[in-house]
Amino acid sequence: MSKPHPTNPPGRRPIVPVLAGLLLLAGLGLWLYLAGTDAPSKAVAPGAEPRPARFVDEAACAGCHGQQAKDWQGSHHQLALRVADDTSVLADFDDAPVQIEGQASRFFRRDGAFWVNTPGADGKPADFRVAYVIGVAPLQQYLLELPGGRLQAFSLAWDLERGAWFKPYPGQGMEIHDPEHWMRPQQNANAQCMDCHSTGFQRGFDPASGRFDSHWSSLGVGCQACHGPASRHLQWLENTSGLRNAGFAVDLARADRIASLETCARCHARRTPLGDGPPQGRRLMDDYLPSTLTRELYELDGKAREDVYQYGPFAQSRMFAKGVRCSTCHAPHRGNLKVTGNGLCLQCHNPEGKARIAGVDGQGLKAKDYDSPTHHHHRPGQAGAQCIDCHMPARRFMGIDNRHDHGFSLPDPARALRLGTTDACLGCHADRNGDLLAEQFRRWYGEAPSAAPRYDESLWLIRNGRPGASRALFQHLASEGLPAIRRATLLAELPHYPSERALAAAARDLNHPAPLVRESAVRAVAALVPPEQRRNLLAPLLSDPIRAVRIGAARELLGLRATGLGNYESAWSEAIGEYEAALLSQQDRAEANLALAQLYQANGRADAVEGRLRTAVQRDPEHLPAQVALVQWLDNNYRWDEGRALLEQALAGHPRSALLRHANGVMLLRRGDLPAATRAFAEAVELEPSNKVYDYSYAVALHDSGQLEAACHRLEALLERDPANREARLALISYWREAGQIQKVQALLAELEQQNPDDPELRRE
């Protein structure tokens with residue numbers, strides 16, 4: 001297939017060509033396309049595999065699907081990515097100087113193109129051409145072209161409502177060493193943006209030259225971004241036999257709720273890609289590994305803390321469990337709401353207590369007038385009278401983009417105050433006393449029923465090491481109705497509460513129908529048992545139908561090096577090959593090269609480790625974990641002087657890096673200089689006092705230096721902040737026992753028993 005590029009100003013060579021060679025055929029119609037050599041009109045022979053589907057010119061779609069194409073025109077999906085020209089650029093480029101947070105930039109036009117004059121990598125102002133525009137409202141971002149086919153998202157964006165430039169992430173990316181600086185890999189659009197803002201995208205990174213040759217089928221989110229490549233659909237139109245689902249991998253018109261959600265989740269989720277290029281699998285986790293409800297991304301009750309693009313909140317909601325889909329509320333081609341205002345929710349939540357939407361389970365609906373002030377207690381037409389105000393509270397991302405949470409939670413200010421979570425009532429009435437708000441809420445709605453343990457309250461116990469933590473954890477894992485993403489999240493907490501019961505719970509979920517649960521169970525099992533005991537539990541998942549699960553199992557069996565896998569050796573080799581291929585497809589990223597180095601080291605390929613570590617540093621010199629890994633590799637291989645020189649160089653460039661200070665402590669400890677190592681650990685704690693690893697290392701160094709009491713007080717402070725930190729608790733028990741403080745030992749053990757009565761450490765006492 002040819003690879004034309006969008007139009008560029010005269011005399012300028014295109015930086016990123018586009019995969020969509022059939023644009024020239026748009027005016028020739030469907031017949032000419034089907035007559036091409038790549039789309040044979042003959043029927044597929046019985047039993048023969050049809051050739052893989054390819055992306056086609058989407059003008060062919062409009063011929064039969066005119067209304068859908070009309071709806072799509074002007075949608076946010078269609079306008080997700082456009083060439084920068086007079087029709088797409090909405091910002092002020094009339095030689096406008098702008099200074100925000102000390103960063104001086106000038107936006108101007110030259111030779112029919114749009115340009116930004118701003119400090120480059122050397123700190124000196126330079127001119128950069130705007131190649132593409134992302135989005136249309138409420139803000140626009142601009143992609144600047146750099147050598148090597150790189151597209152970088154500029155740090156300033158355009159506020160459509162105010163008509164002004166602004167910084168979506170204030171305080172970030174102010175200087176070139178900052179990972180969020182617009183020229184750094186974190187802002188590289190080839191890796192971070194384009195796969196969801198275009199159709200059929202492929203990064204096309206060449207590791208030998210370090211260049212991108214990125215391709216896509218079409219700009220924006222087109223028909224094939226959701227339905228898949230359409231070449232076999234065009235064959236199906238000729239009545240070609242042997243093609244299912246009208247020639248598509250998934251027939252979205254007849255897809256179940258899981259397939260429907262996973263189609264949207266490919267972009268509307270926080271996830272890690274498992275390859276480069278358009279999705280190849282039928283399931284989401286064949287191509288991506290979605291995040292669970294981590295404490296960094298989500299609140300205890302599942303509301304989004306960071307921008308998670310809605311999949312996570314919706315997947316755990318009762319709405320999804322009852323059969324509601326994205327397309328139940330959102331017009332799939334236009335993207336807007338099918339019904340405006342409260343009428344959308346009242347289709348199911350109404351005085352009749354009946355769902356008026358096919359496929360939605362109405363069991364449990366209450367016959368109630370939810371649109372009445374007797375329910376919401378707010379004046380009609382004002383804030384608080386809309387369903388979304390209370391049940392889909394908005395959080396502001398990128399400075400001005402309000403996004404409504406799709407977990408459809410119930411407000412409860414008293415519980416939110418107790419757990420430290422956000423709440424719709426507390427958010428709208430931030431100027432009022434929270435306890436008084438909670439009391440008013442109780443008078444209106446009464447006490448919340450407390451028959452079953454709540455997920456958020458249990459997770460608060462679990463993550464804070466409170467009495468009853470393990471009991472709450474096992475209660476929820478025993479529930480059959482727990483949403484898969486919540487079950488996967490709880491499985492990640494199991495290693496903090498080790499026991500035979502915990503291992504049994506993790507092992508049971510290795511056979512769970514949801515792949516996200518199986519993948520999380522693999523991690524939990526691996527954390528609970530040593531490598532030599534994992535084979536019988538994890539090896540069967542090397543042949544799991546979902547790629548992410550196979551990869552997870554292979555990674556956790558690396559300690560056996562395939563020699564101890566017996567009949568599973570072949571399956572392991574294939575699955576670990578899939579893992580390696582996933583990392584190799586992302587060689588533009590320092591993180592992927594670092595992971596490859598770790599893979600090769602664990603797999604006995606020591607000769608390939610150092611090269612990967614150096615490549616990781618080359619890809620992103622500011623990715624300090626790669627710097628530390630290279631230092632440690634050199635140190636472990638008796639190349640102390642090289643490692644020390646590299647670390648000193650890194651420290652000189654990043655004097656306030658706690659990670660480098662901690663690495664320095666580890667290196668000094670290996671050299672036998674305990675006093676210097678202790679000082680380095682203290683420096684790391686001073687720079688990043690909330691880091692539990694640094695605090696623990698400092699405490700151990702104090703103990704080994706003969707400062708037993710200081711070490712104990714350090715660990716006590718750590719446990720005060722993090723009572724669930726089992727490693728710190730066990731160390732403190734050992735140290736107080738050494739100091740002869742038996743009462744303190746007994747108190748710590750009693751707390752441990754309250755947290756987890758099945759903890760194996762209790763049996764040793």
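L542 touches R550, A553, A554, L557, Y568, A571, W572 and A575, leaving aside neighbours within four places in sequence. Contact here means heavy atoms within 4.5 Å. The model is predicted: local features need pLDDT of at least 70, side-chain atom pairs count only at pLDDT 80 or more, and totals for chains, interfaces and linings use all residues. Residues are numbered from 1 along each chain as its sequence is written, and side-chain values use heavy atoms, with hydrogens and water left out.

## Cores

L542 also belongs to the largest nonpolar core, which has 98 residues. Together with L494, L542 has the most contacts inside this core. A nonpolar core is a set of buried Ala, Val, Leu, Ile, Met, Phe, Trp, Tyr and Cys residues joined through side-chain atoms within 4.5 Å. Buried means under 20% relative accessible area, exposed means over 50%, and partly exposed lies in between (1.4 Å probe, protein chains only).

Which helix gives the most to this core? Helix α28 (residues 624-636) does, with eight residues. Helices (H or I, at least four residues) and strands (E, at least two) are DSSP runs, numbered from the N terminus. Another core lies apart from the largest one. This other core has 30 residues, including A684, A711, L715 and L719.

## Overall build

The protein has 36 helices and 17 strands. Its radius of gyration is 28 Å, close to the 27 Å that the globule rule gives for 765 residues, so the protein is as compact as a globular protein of that length. The radius is taken over C-alpha atoms, and the rule is 2.2 Å times the number of residues to the power 0.38. Along the principal axes, the C-alpha trace spans about 90 × 70 × 65 Å.

Of the 765 residues, 50% are buried. Among contacts with a separation of 6 or more, 52% join residues 24 or more positions apart. The exposed surface comes to about 37,000 Å², and carbon and sulfur atoms supply 51% of it. These areas come from the Shrake-Rupley method with a 1.4 Å probe; for residues, only the protein chains shown count as cover.

Charges come next. There are 86 positive and 90 negative charges, and their mean positions are 4 Å apart. Lys and Arg count as positive, Asp and Glu as negative; His and the chain ends are not counted. Each charge is placed at NZ of Lys, CZ of Arg, CG of Asp or CD of Glu.

## A covered helix

Helix α20 (residues 484-491) is mostly covered, with seven of its eight residues buried. The buried residues of α20 are I485, R486, R487, A488, T489, L490 and L491. What covers these buried residues? The cover includes α9 (311-315), α18 (455-463), α19 (469-477), α21 (500-508) and α22 (515-528).

## Loops and backbone

H623 sits in the loop between α27 (609-619) and α28. H623 is buried, at 15% relative accessible area. Not counting residues up to four places away in sequence, H623 touches A590, E591 and L594.

The A137 to P138 peptide bond is cis, with omega near 0°. P138 is in the loop between β5 (125-134) and β6 (139-146). P147 is in the loop between β6 and β7 (150-153). P147 counts as exposed, at 69% relative accessibility.

E101 has phi of about 55°. E101 lies in the loop between β2 (96-100) and β3 (103-110), and counts as partly exposed at 37% relative accessibility. A246 has phi near 55°. A246 lies in the loop between α7 (231-237) and α8 (257-265).

## Sequence and space

The table sets sequence separation beside C-alpha to C-alpha distance.

| Pair | Separation in sequence | C-alpha to C-alpha distance |
|---|---|---|
| L674 and S705 | 31 residues | 6.9 Å |
| P147 and F212 | 65 residues | 9.3 Å |
| A414 and Y132 | 282 residues | 47 Å |

L674 lies in helix α31 (residues 674-687). Leaving aside neighbours within four places in sequence, L674 is in contact with L669, A701, D704 and S705. A414 lies in helix α15 (residues 413-419). Is A414 buried or partly exposed? A414 counts as partly exposed, at 33% relative accessibility.
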